[in-house]
Amino acid sequence: MGAAITRREVLKSSAGILGLGMLGAYEAFAMDKRSRFKIGACDWSIQKMSEVKAIEVGKKIGLDGVQISLGSLANNMHLRQANVQQQYKDACSEYGISIGGIAIGEMNNIPYKSDPRAELWVSDSIDVAKKMDVKVVLLAFFHNGDLKNDLKGTQE
């Protein structure tokens, strides 16, 4: 038979093992990026609306992601073009940043409730989101698109 072990020794070694286990769990938690909030901003908030450069700026200011715009009237909602989508994907790979969502800010001026172009943009944004593996599309309803106290617009 082996040497006898005292209760004190068992408690001492148990406390040590428990402490090491807790430390390991803490380190795993602290090092796991999924355990923290991710911070992002809209491309227009960082003054790069509808610009691929928004990804680089987002990285420079410490963001985890950027919500990008589908586009504008001036560029005919250019994110619908495969080459523009690829530019964003390449920038995300280069800078290690993700796309948090796609926004259609132009709907603030050209409302979904009253302009058929907006309906097309919404439909197209779903296809773009799928192609870019993005799960969120922001539909803007401010300014001309506001539905507050607009029964007809709300019904539409």
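Trainee: Which kind of link do the side chains of E56 and K60 make?
Mentor: The side chains of E56 and K60 meet in a salt bridge, with 3.2 Å from N to O; keep in mind that this is a predicted model.

Trainee: How far apart are those two along helix α2?
Mentor: E56 and K60 are 4 residues apart in helix α2, which runs over residues 53–60, so about one helical turn separates them. As a general point, an α-helix has 3.6 residues a turn, so residues three or four places apart point the same way.

Trainee: And is E56 buried or exposed? What about K60, buried or exposed?
Mentor: E56 counts as buried because its relative accessible area is 18%, and the cut-off for buried is under 20%. K60, on the other hand, has 64% relative accessibility and therefore counts as exposed.

Trainee: Which residues are in the network with E56 and K60?
Mentor: Salt bridges with shared partners join K53, E56 and K60 into one network.

Trainee: How many salt bridges are there in the whole structure?
Mentor: A search of the whole structure gives 5 salt bridges. One of the others is between the side chains of D124 and R80, at 2.8 Å from N to O.

Trainee: Why is D124 called buried, and why does R80 get the label partly exposed?
Mentor: D124 has a relative accessible area of 18%, so it is buried, while R80 is partly exposed because its value is 24%. For a salt bridge with both partners exposed, look at D133 and K135, whose side chains meet at 3.3 Å, N to O.

Trainee: Switching topic to α3: why do we say its length agrees with what a helix should span?
Mentor: The 14 residues of α3 should span 20 Å at 1.5 Å a residue, and the C-alpha atoms at its ends are 20 Å apart, so the two values agree.

Trainee: Which residues of α3 are buried?
Mentor: The buried residues of α3 are V84, Q85, Y88, A91 and C92. They cover an arc of only 125 degrees around the axis, which means that they lie on the same side of α3.

Trainee: What covers that buried side, and which exposed residues are on the face turned away?
Mentor: The cover over the buried residues of α3 includes α2, β2, β3 (98–104) and α4. On the face turned away from the buried side, α3 carries the exposed residues A82, S93 and E94.

Trainee: What comes after α3?
Mentor: α3 is followed by G96, which has a positive phi, near 65 degrees. Further along there is S98, placed in strand β3, and this residue counts as partly exposed because its relative accessibility is 35%.

Trainee: What does S98 touch?
Mentor: Leaving out residues up to four places away in sequence, S98 touches D64, G65, V66 and C92. C92 is also one of the buried residues of α3.

Trainee: Which residues form the nonpolar patch on the surface?
Mentor: W44, M49 and L138 form that patch, and together they have about 240 Å² of accessible area. M49 is found in the loop between β1 (40–42) and α2, and it counts as partly exposed because its relative accessibility is 36%.

Trainee: Last one, the overview: how many helices and strands does the protein have?
Mentor: There are 5 helices and 4 strands, and along the sequence they follow the pattern α-β-α-β-α-β-α-β-α. Of the 156 residues in the protein, 35% are buried. The accessible surface comes to about 10700 Å², and 57% of that belongs to carbon and sulfur atoms. Among contacts between residues at least 6 apart in sequence, 66% join residues at least 24 apart.

Conventions. Residues numbered from 1 in each chain as written. Predicted model: local features only at pLDDT ≥ 70, side-chain atom pairs only at ≥ 80, totals over all residues. Heavy atoms only, no water. Salt bridge = Lys/Arg side-chain N within 4 Å of Asp/Glu carboxyl O. Buried < 20%, exposed > 50% of the residue type's maximum accessible area, 1.4 Å probe, protein only. Expected span 1.5 Å × (residues − 1). Arc of directions from axis to C-beta. Contact = heavy atoms within 4.5 Å. Patch = residues over 30% accessible without salt bridge, like charges linked within 9 Å, V, L, I, M, F, W, Y side chains within 5 Å. Areas by Shrake-Rupley, 256 points an atom, 1.4 Å probe, with all protein chains shown as cover.
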